[in-house]
Each structure stands twice: as C-alpha cells, then as structure tokens.
Amino acid sequence: MPSPLVVVCPHCSTANRVPAARLADRPTCGKCKQHLFTGHPIELNAANFDSHIARNDIPVVVDFWA
C-alpha cells in the first residue's frame, strides 16, 4: 500500500496526510475542516511560505512578482 501524500491546508497551513487514491474525493483538513483543494491560488507570506513549499508532497507553482 503506497504511503499517503502530505498536503498543506491553504486555510490554516496544517500538514494533512491524504491517501493518493482519495485526492479526488474532496479531502478536508483535519484541523479546520475546510477543503484542501479550493481551485483558487493562495497568497503565501513569510509566515506560511516554508510550510507550503517544504512540506507539500504535491507540486506547487509559485509566481513571484514585485
């Protein structure tokens, strides 16, 4: 059985373990109970950037701008 993927919640930045087979089932965060995939970009800041980039097992696209 494959190990679960770590998905960081876009709402509270909590790391969640989600089985790969359940990614399409609209998984929710274990802490804040909101959906892990919103279909919208999120704004990262100094406080949550590292947790989203370093802890996610799913690809993350980052758009830097000034």
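## Salt bridge

A salt bridge is a side-chain nitrogen of Lys or Arg within 4 Å of a carboxyl oxygen of Asp or Glu. This predicted model holds one. The partners are Arg22 and Asp25, whose side chains meet at 2.9 Å, N to O. That distance is within the 4 Å limit, so the pair counts.

Both partners are partly exposed. Arg22 has a relative accessibility of 48%. Asp25 has a relative accessible area of 46%.

## Nonpolar core

Which residues make up the largest nonpolar core? There are five: Val7, Cys9, Val18, Cys29 and Leu36. In soluble globular proteins, nonpolar side chains tend to be buried together.

Take Val18 from this set. Leaving out residues up to four places away in sequence, Val18 touches Pro4, Leu5, Val7, Leu23, Pro27 and Leu36. Two of these contacts, Val7 and Leu36, are also listed in the core.

## Cysteines without a disulfide

How many disulfides does a search of the whole structure find? It finds zero. Cys12 and Cys29 show why. The sulfur of Cys12 has its closest cysteine sulfur in Cys29, at 3.6 Å. A disulfide needs the two sulfurs within 2.5 Å, so this pair is too far apart for a bond. Seen from Cys29, the closest cysteine sulfur is the one in Cys12, again at 3.6 Å.

Are these two cysteines buried or exposed? Cys12 is partly exposed, at 27% relative accessibility. Cys29 is buried, at 1%. Cys29 is also one of the five core residues.

## Helix α1

Helix α1 covers residues 49–55. His52, Ile53 and Ala54 are among its residues. His52 is buried, because its relative accessibility of 4% is under the 20% cut-off. Ile53 is partly exposed, with a relative accessible area of 35%. Ala54 is exposed, because its 65% is over the 50% cut-off.

What does His52 contact, apart from neighbours within four places in sequence? The list is Val8, Cys9, Pro10, Ser13, Ile42, Leu44 and Val60. Cys9 in that list belongs to the nonpolar core. Ala54 also has a distance to report with Val8: the two C-alpha atoms are separated by 9.8 Å, and the residues are 46 apart along the chain.

## Surface patch

Which residues form a nonpolar patch on the surface? They are Ile53, Val60, Val62 and Phe64. Together they have about 350 Å² of accessible area.

## Positive phi angles in loops

Ser13 and Arg26 each have a positive phi and are residues other than glycine. Phi of Ser13 is near 65°. Phi of Arg26 is near 55°.

Where do they lie? Ser13 is in the loop between β1 (5–8) and β2 (15–18). Arg26 is in the loop between β2 and α1. Ser13 is partly exposed, at 22% relative accessibility. Arg26 is exposed, at 56%.

Technical notes:
Residues are numbered from 1 along each chain as its sequence is written. This is a predicted model: local features need pLDDT of at least 70, side-chain atom pairs count only at pLDDT 80 or more; totals for chains, interfaces and linings use all residues. Side-chain values use heavy atoms; hydrogens and water are left out. A nonpolar core is a set of buried Ala, Val, Leu, Ile, Met, Phe, Trp, Tyr and Cys residues joined through side-chain atoms within 4.5 Å. Buried means under 20% relative accessible area, exposed over 50%, partly exposed in between (1.4 Å probe, protein chains only). Contact means heavy atoms within 4.5 Å. Patches are made of residues with over 30% relative accessible area and no salt bridge: like charges are joined within 9 Å, nonpolar side chains (Val, Leu, Ile, Met, Phe, Trp, Tyr) within 5 Å. Accessible areas come from the Shrake-Rupley method with a 1.4 Å probe; for residues, only the protein chains shown count as cover. Helices (H or I, at least four residues) and strands (E, at least two) are DSSP runs, numbered from the N terminus.
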